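Thanks for coming. I will go through some side-chain contacts in one structure, starting with aromatic rings and then moving to charges.

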Amino acid sequence: MPYISVIIPVYNRTQYVGEAINSVLNQTLSKDKYEIIIVSNVDLPEREGVRIIISNERWQGPKFAQGIEEAKGEIISLLDDDDLFLPNKLETIYKVFSENEKAGLVKNPVKWVNEQGKEWLDPLPREPITITSKDLNSDKLGEAIRYKVWFNSSSLSFRKSIILNYLDYLREIKLVIDAFIGFLFLFTSQVVIWNQPLSIYRVLSISTSRKLSSLDQYIEHERVLEGIAYDDYLTLYKALGSEKGVEKIINYQKIVTKLWSKDPVKVSLKEALNSLPLDDPKASKLKILSLYLASFLPYSLKRVVYKRFYEKELKKLKL
């Protein structure tokens, strides 16, 4: 039977990690079937059932890699320090992996909660969906993106034996750890997309992916992050090589990086039209073309586009 290792990375901030730990300790699964590993650069109080590894690594990739190497479990469940597991998370994960030896990764929908306590859900499939790398045609790839296999570390559980083959690539990842792991397993093994939320994703203004005190701060922060994200997607491409469909994801990230980054990448019209948007897998070619053309605008006009993204993020905080 599988044993689960829950890995929580901590870097500087500690205001939510206690609640994250409690959400793991209060699982319906028996405590003898899982462990908790925290990889942190700050001292945390010792707690029964929690193992703390000191690491000065800033980025999540090296932190998770260190935690995975130390993990006793064959199944790894990730949890960001500001997110939460719902009480039946690990019991469900344990059951799915126990009943399906071929499953490499289980992706669960998340419940979103903002700072005002408002809640909403990810799209939910009617039944669990199983996608194998062998039948990953364009429709299946779009389905995986629709149900966000690429989003939120706290919704991902996977087999240690598989990720160990890619640990050197994982160590290179700085920002998009969720996309790296989600797509890595999608293209190399069997992925189960669950049909019920099992974790809570907190929409917080202090999140490393959100700097919303002003439009200028938001733009500056996003321009830096998109440059880092592009490097991470190139690492994913190196890890996966010529797996069918990967280029569509990379091409879309090229468009986004060209739109945002201070050091934009080159992307051809052919690449733009051969891309699969991560935010909307059913987006029309016209919508993709509009985003592509916007990437050629001067900065003064790009600010109009940036403002729309900014207002969308603010809305999430205030729903």
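Is Y310 buried or exposed? At 11% relative accessibility, Y310 counts as buried, since the cut-off for buried is under 20%. Keep in mind that this is a predicted model.

Y310 belongs to an aromatic cluster together with Y218, W260, Y299, Y306 and F309. The structure as a whole holds 13 aromatic pairs. Take Y218 and W260: their ring centres are 5.9 Å apart and their planes stand at 85°, so this pair is edge-to-face. Y218 sits in helix α8 (residues 215-240) and W260 in helix α9 (residues 246-260), so the pair links distant parts of the chain, 42 residues apart. Y218 and W260 are both buried. Y218 also pairs with Y310, with centres 5.3 Å apart and planes at 45°, so that pair is tilted. This second pair links helix α8 to helix α12 (residues 299-318), across 92 residues. For Y218 the relative accessibility is 4%.

Now charges over rings. K258 lies over the face of F296, 4.2 Å from the ring centre. K148 does likewise over F151, at 5.4 Å.

Next, salt bridges. The count comes to 15.

A local case is K95 with E99, where the closest N and O atoms are 3.1 Å apart. Both lie in helix α3 (residues 89-99), four residues apart, about one turn of the helix. K95 is partly exposed at 47%, whereas E99 counts as exposed at 58%.

Last, K63, in helix α2 (residues 60-70). Which side chain of opposite charge is nearest to K63? That is E57, 7.4 Å away. K63 is buried and has no salt bridge, because the cut-off for one is 4 Å. What K63 does have is a polar side-chain atom 3.2 Å from the backbone oxygen of V10. Among the residues K63 touches are P9, Y11, V39 and N41.

Technical notes
Residues numbered from 1 in each chain as written. Predicted model: local features only at pLDDT ≥ 70, side-chain atom pairs only at ≥ 80, totals over all residues. Heavy atoms only, no water. Helix = DSSP H or I, 4+ residues; strand = E, 2+ residues; numbered from the N terminus. Buried < 20%, exposed > 50% of the residue type's maximum accessible area, 1.4 Å probe, protein only. Lys, Arg positive; Asp, Glu negative; His and termini not counted. Polar contact = N/O pair within 3.5 Å; in protein donor to acceptor, adjacent residues only side chain to side chain. Contact = heavy atoms within 4.5 Å. Phe/Tyr/Trp six-rings, centres within 6.5 Å; stacked < 30°, edge-to-face > 60°. Lys NZ or Arg CZ within 6 Å of the ring centre and 35° of its normal. Lists of a residue's contacts leave out its neighbours within four places in sequence.
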